[in-house]
Amino acid sequence: MRRIGPVVVPVLLSIADALLVNGLGMALELGVSVVAAAALLLRRRWPLLVFLVTLPGLYIGYIWFAPMIALYTLAARRPGRARLAGCALLLIAAHFLPYPISDFQPTAYRENTLVLIDATVTSAAPIALGLLVRTRRELASRVEELTRSMRREDRLLAERVKATERARLAREMHDVVAHQVSLISLQAGAVQVSTADEAARTGARTIRELSIRTLEELRHMVGVLRAAGGDAQEARELAPQPDLDELPRLIEMSALDVTYEGGAVAGAGRPSGAGTVERAAYRTVQEALTNVRKHAPGARVRVRIDTLEPADAAEGAEAGLRVEIRNGPPDATATAPALPGGGHGLVGLRERAQSLGGTLEARPTSDGGFVVRAEFPYGRG
């Protein structure tokens with residue numbers, strides 16, 4: 001009704017106007033009046049043409065609704081000054097001049113003046129109303145556009161605040177962590193040079209290499225934070241890019257009793273776009289080994305990574321990687337290191353797996369150990 005009503009109601013009012021003014025006995029007057037009323041059905045598409053069609057209804061049939069509605073529509077949709085002025089003069093003429101024209105009396109000054117004033121007001125009213133409605137619509141549109149612009153500015157301001165905070169956190173992280181790790185590297189280097197014990201030298205060298213690697217990854221992550229959420233390609237270039245080829249080195253430097261089974265995915269032949277999946281697998285192993293070092297010192301660990309075929313995965317899954325890190329119970333004689341933990345490691349791993357369309361399971365085993373199993377499809381890598 002909201003769409004049909006504004007189209008049909010003016011037509012019905014104009015037909016009623018034609019019947020009341022002309023009656024059924026005046027065939028010509030009623031005919032042009034009904035045609036003028038019916039033409040209002042097309043007033044939104046061709047407002048000027050419809051207005052011209054309604055003028056005979058005013059001139060011959062003395063109807064008012066149809067030409068005034070048509071002139072209002074023209075003013076609301078095609079508000080050209082010259083066009084509206086010409087149409088106003090035509091409506092004044094159709095109203096002022098009688099039908100037939102031979103009935104016009106030039107000497108009836110008083111009557112002609114009153115009719116002319118009436119015709120002028122009749123033509124000015126729909127034009128003024130149409131222009132008012134058009135102006136109101138334009139104002140509403142501009143207010144809506146201004147609202148969208150303000151929301152966009154608020155969003156940009158929030159992003160700018162986040163970027164500033166991100167840069168501040170990056171500076172804090174670099175100042176605090178980099179300083180401490182640099183001291184560790186320097187102390188390890190001093191031990192490596194000064195000691196004669198080969199085992200101590202090997203341990204100091206491992207600590208120094210780990211410190212240097214940590215500083216490199218810290219530099220990359222600081223670069224990501226300082227990118228302030230800008231170009232995603234720039235952030236990807238700044239981010240560290242470990243893959244499965246680096247897992248043996250990670251396991252070697254973990255100082256744990258680890259059995260690594262990863263021949264199924266080693267070497268070339270990896271599908272394109274698997275970099276993100278391999279990085280997720282690397283981070284999963286890294287976090288699981290860290291948890292073993294914290295909570296199960298002296299435990300034996302088995303790391304297995306193999307190709308996940310669609311037939312082996314859940315229904316509808318794609319090919320990808322399966323990662324499993326399983327450790328036994330801790331050694332009762334080993335001393336657990338007093339390493340801090342926030343409980344966010346496994347949560348972050350699960351969120352990473354879900355973002356790639358995969359799954360992650362972490363649970364204790366019946367023998368007192370723990371297992372972390374993740375599946376990463378290549379589809380979103």
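**Helix packing and salt bridges in a predicted model**

The crossing of helices H3 and H4 is left-handed. In a left-handed crossing, the near helix is turned anticlockwise from the far one by less than a right angle; clockwise would be right-handed. The contact is made by Pro 47, Leu 48, Val 50, Phe 51, Thr 54 and Leu 58 of H3. Their counterparts in H4 are Ala 66, Pro 67, Ala 70, Leu 71, Thr 73 and Leu 74. Contact here means heavy atoms within 4.5 Å. By class, this contact has ten nonpolar, two polar and no charged residues. Ala, Val, Leu, Ile, Met, Phe, Trp, Tyr, Cys and Pro count as nonpolar, Asp, Glu, Lys and Arg as charged, and the others, Gly among them, as polar.

The model is predicted: local features need pLDDT of at least 70, side-chain atom pairs count only at pLDDT 80 or more, and totals for chains, interfaces and linings use all residues. Residues are numbered from 1 along each chain as its sequence is written, and side-chain values use heavy atoms, with hydrogens and water left out.

H3 spans residues 47–61 and H4 residues 65–77. Their axes come within 8 Å and cross at roughly 160°. H3 is therefore roughly antiparallel to H4. Axes are lines fitted to C-alpha atoms, for helices over the stretch in contact, and angles run from 0 to 180 degrees between N-to-C directions. Angles under 35 degrees count as roughly parallel, over 145 as roughly antiparallel, 65 to 115 as roughly perpendicular and the rest as oblique. Tyr 62 lies in the loop between H3 and H4. This residue has a positive phi of about 60° although it is not a glycine. Tyr 62 is partly exposed, at a relative accessible area of 40%. Buried means under 20% relative accessible area, exposed over 50%, and partly exposed in between (1.4 Å probe, protein chains only).

Val 11, Ser 14, Ile 15, Ala 18, Leu 19 and Asn 22 in H1 meet Glu 29, Leu 30, Ser 33, Ala 37 and Ala 38 in H2. This contact has seven nonpolar, three polar and one charged residues.

Overall, the protein has eleven helices and five strands. Helices (H or I, at least four residues) and strands (E, at least two) are DSSP runs, numbered from the N terminus. Of the 381 residues, 33% count as buried. Among contacts between residues at least 6 apart in sequence, 69% join residues at least 24 apart. Pro 100 is found in the loop between helix H5 (81–96) and H6.

A search of the whole structure finds 15 salt bridges. A salt bridge is a side-chain nitrogen of Lys or Arg within 4 Å of a carboxyl oxygen of Asp or Glu. Arg 148 pairs with Glu 144 in this way, the closest N and O atoms being 3.3 Å apart. The two residues are four apart in helix H6 (residues 109–194), so about one helical turn separates them. Arg 148 is partly exposed at 42% relative accessible area, and Glu 144 is partly exposed at 48%.

Glu 209 forms a salt bridge with Arg 249, with closest N and O atoms 2.0 Å apart. This pair links distant parts of the chain. Glu 209 lies in helix H7 (residues 198–226) and Arg 249 in helix H9 (residues 247–252), 40 residues apart. Glu 209 is partly exposed at 30% relative accessibility, as is Arg 249 at 33%.

Glu 324 forms a salt bridge with Arg 326, the closest N and O atoms being 3.7 Å apart. Glu 324 counts as buried at 11% relative accessibility, whereas Arg 326 counts as partly exposed at 28%. Salt bridges that share partners join Glu 261, Arg 302, Arg 304, Asp 306, Arg 322, Glu 324, Arg 326, Glu 361, Arg 363, Arg 373 and Glu 375 into one network. Within this network, Arg 373 is found in strand S5 (residues 370–377). Not counting residues up to four places away in sequence, Arg 373 touches Val 323, Glu 324, Arg 326, Thr 359, Leu 360, Glu 361 and Arg 363. The C-alpha atoms of Arg 373 and Ala 288 are separated by 9.9 Å, although the residues are 85 apart along the chain.
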